[in-house]
Amino acid sequence: MKKEITKKLNGEIERLTNKTFKFDQRIKDGWFSAVYFLKTKEIAEKLRPNNQVTMQFFQKSDAVLCGSDEAIALIHTFADKPEDLEIHSLKDGDKISPFETVLTITGPYQSFGYLEGILDGILARRTSVATNVYNVVKAARTSGKQKPVIFMGDRDDHYTQQAGDGYAAFIGGSTAQATHAMNEWWGRTGMGTMPHAMIQIFEGDVVAASKAYHELYPNDDLTVLVDYNNDVITDSLKVAHEFGDTLKGVRLDTSNNMVDKYFLRNQHLMGTFDPRGVNSPLIFALRKALDEEGFEHVKIVASGGFNEERIRKFEKQNVPVDIYGIGRSLLDVHIGFTGDNVLLNGKPESKDGRQYHPNPRLEKVSYID
């Protein structure tokens, strides 16, 4: 069956729905809503049953919006009489400005108000991840050539966040991701070759581990992890000589508290830079060694502690990295959304400083059952 994201990209549907998101049904019971929202819902039902409010959502950064489809699907799934609500919204992937209204909902407070905090949280996390990835992908083309960015955030947060984070990373521009779950909402499968654990079970023999991998997955592009023995150039050349053209890439993931043995053998090179971790002199030396042995085709993948600033620095120095693998820094939730009631029965009524800000970019959202 065709995934919703395929239908959306083909123009068959406007937005993703709960068929993609599969919400926890306890949301309907208020299990995930702050108690004061639940109390306000009850008071509105009993004492102000005919109220009509407009709630608007905004944040305070230049960002890439994500989570709008998910937020709207949540409203359509759990609001009372969602077909009667009037919703206007921007779309996932839209560039947004500080204080710009991205979503408005109009209807009886008791119908949807208790969802406010959940909506804030969806928009905050998804937009943060999408914006982080967008900025990293942009940094990875500083040199003039776009370098692929692999989203490797599976170990940096709770596993239940992977599908949503993977979708947000896709919206931000990353189309290579580590787990199947990260790809669930947007239609691909996870990718990757070997962890350190695989080399460990072959007693640290990188060539033996690579042979085993290639034997079981002969159709995969062979990319070998080469920092297990903290000697990336030696081990890269070993696997390159063993596999020749079959070897497509080597990945460095040296810990930031380790100094590669290359520098211990060439201590005259040290003194002008921090030799720990995956650093630019190490990558330049690796590229030179591979090229001198006739392995110009072997790509270099760099991972371990990379972020936007570090990638931009590498790219400005023309460090010969072909692909970046990034995890933790992409999951920094630094963008917060606020939902405010700004109109009451069609008239301005709001907390001071949170007035109604109409946005002509908003599009009316159709109800989808």
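A salt bridge here is a side-chain nitrogen of Lys or Arg within 4 Å of a carboxyl oxygen of Asp or Glu. By that rule, a search of the whole structure, which is a predicted model, turns up 25 salt bridges. Here is a friendly tour of some of them.

**Links between distant parts of the chain**

- D156 and R328 form a salt bridge whose closest N and O atoms are 3.3 Å apart.
- This pair joins distant parts of the chain, 172 residues apart: D156 sits in the loop between β6 (149-151) and α7 (162-172), and R328 in the loop between β11 (323-326) and β12 (338-344).
- D156 is partly exposed, at 23% relative accessibility, whereas R328 is exposed, with a relative accessible area of 64%.

**Within one helix**

- R312 and E308 meet through their side chains in a salt bridge, at 3.1 Å from N to O.
- About one helical turn separates R312 and E308, because they are 4 residues apart in helix α13.
- R312 is partly exposed at 23% relative accessibility, and E308 is partly exposed with a relative accessible area of 29%.

**A network**

- Salt bridges link E70, R125, R126, D157 and D165 in a network.

How values were computed
Residues are numbered from 1 along each chain as its sequence is written. This is a predicted model: local features need pLDDT of at least 70, side-chain atom pairs count only at pLDDT 80 or more; totals for chains, interfaces and linings use all residues. Side-chain values use heavy atoms; hydrogens and water are left out. Helices (H or I, at least four residues) and strands (E, at least two) are DSSP runs, numbered from the N terminus. Buried means under 20% relative accessible area, exposed over 50%, partly exposed in between (1.4 Å probe, protein chains only).
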